[in-house]
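Take a moment to look over the model before reading on.

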Amino acid sequence: MAKIIFPEMGCGTWAWGNRFLWGYGPEMDASLQQVFNYCVGQGITLFDTGDSYGTGKLQGRSEELLGQFATAYQGLNQDRIQLATKLAPYPWRLTPASLVKAGLASQQRLQRPIDLAQLHWSTANYAPWQERPLLEGLARLCEQGQAKVIGLSNFGPKRLQQAHHFFSDRGLTIASLQVQYSLLSTYPVTVLDLKALCDDLGIQLIAYSPLTLGLLTGKYDPTNLPSGVRGLLFRRLLPKIQPLLSLLQAIADQRQKTPAQVALNWCLCKGTLPIPGAKSLQQAQENAGALGWRLDDGEVLELDRVAGGLGQTMVQNIFQSR
């Protein structure tokens, strides 16, 4: 069975609530091709998306663009490009065949076999009976050669161990587990102890939303907030997380980095693979600046201490199971 080759950092088209859409027209798509090309050239070769990314008729648009970008790219690390996607357990996907069908559609949009096929979330919190047929569908995708390896997302320790046993009985392994993880969202590791379990099972823990929707970049304050629900959330969180933002800035100044680069490097120091989003070349370049160096133990401990002492953290994904 093939193995995914995890780079030091992936580049993810992640989103809160699956509402982020890669590509808003030809001009934007060309700009994103530049982002893709830059990342691959820097050795950032794992790109994560989902079949639900996009809205209405544009569902799957992120997969289509990634497929186009990977096909068009010619240059350094071309042979190392890996496209990962997450298949959503929609209420109408109830059978193994329905997930296989979804995987085949994603494969067509990506224009290649799926390097890492993942179940987007666990259904344990609302329809636990739906999960096993979908895991069966993932197994079939891998066994039929439509996907190279299998991954999961938002699974807690109990469901992860059950899935591990299920796949092991079929001679398959779980390559990765995605969880919401950052300095403001440590619950999957500090409470669920998923890092230790993943280490025991040989699973790579992937951190999505490692910059907490941009909160850890330091660019927001009460006078500069994003629009919509995210702005309302930031307005509530920002006053309570100032000690952490101040520490990130202090470490960044000392190391001649940015707060975002420090926050991403913290994820790397914790043994996780962060997948920050990048909609511009500047954002991709900043993300890449988190590579090639390491926070020292004292800095990591101080970040842990301050983050652990905050009175407020980021809300958890409602689909995260136990």
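Predicted model: local features only at pLDDT ≥ 70, side-chain atom pairs only at ≥ 80, totals over all residues.

Helix α10 spans residues 259-269. How many of its 11 residues are buried? The count is 10, so the helix is mostly covered. Here a residue counts as buried if its relative accessible area is under 20%. The buried set begins with P259, A260, Q261 and V262, continues with A263, L264 and N265, and ends with W266, C267 and L268. An α-helix has 3.6 residues a turn, so residues three or four places apart point the same way. In α10, the buried residues pack against several elements: helix α9 (242-255), strand β8 (273-274), helix α11 (281-288) and helix α12 (297-308).

Now turn to a strand. Strand β3 covers residues 82-87, and six of its six residues are buried, so the rest of the structure largely encloses it. In a regular strand the side chains alternate between the two faces of the sheet. Which residues of β3 lie on each side? Q82, A84 and K86 are on one side, while L83, T85 and L87 are on the other. Both faces are covered, as the residues on either side are all buried.

The neighbours of β3 can be found through its bridges. Strand β2 (residues 46-50) runs parallel to β3 and is joined to it by five bridges. Strand β4 (residues 114-119) also runs parallel to β3, with four bridges between them. K86 shows both pairings: G50 stands opposite K86, and in β4 the bridge partner of K86 is Q118.

Finally, consider the whole protein. It contains 12 helices and eight strands. Its C-alpha atoms fill a box of roughly 50 × 45 × 35 Å along the principal axes. Why can the protein be called compact? With 322 residues, a compact globule would have a radius of gyration near 20 Å, and the 19 Å of the protein agrees with this. Of the 322 residues, 57% count as buried. Among contacts between residues at least 6 apart in sequence, 80% join residues at least 24 apart.

The surface and the charges complete the picture. The accessible surface comes to about 13700 Å², and 52% of it belongs to carbon and sulfur atoms. There are 29 positive and 24 negative side chains, and the centres of these two sets lie 6 Å apart.

Terms used:
Residues numbered from 1 in each chain as written. Heavy atoms only, no water. Helix = DSSP H or I, 4+ residues; strand = E, 2+ residues; numbered from the N terminus. Rg over C-alpha atoms; globule rule 2.2 N^0.38 Å. Buried < 20%, exposed > 50% of the residue type's maximum accessible area, 1.4 Å probe, protein only. Contact = heavy atoms within 4.5 Å. Areas by Shrake-Rupley, 256 points an atom, 1.4 Å probe, with all protein chains shown as cover. Lys, Arg positive; Asp, Glu negative; His and termini not counted. Charge placed at Lys NZ, Arg CZ, Asp CG, Glu CD. Pairing = 2+ DSSP bridges.
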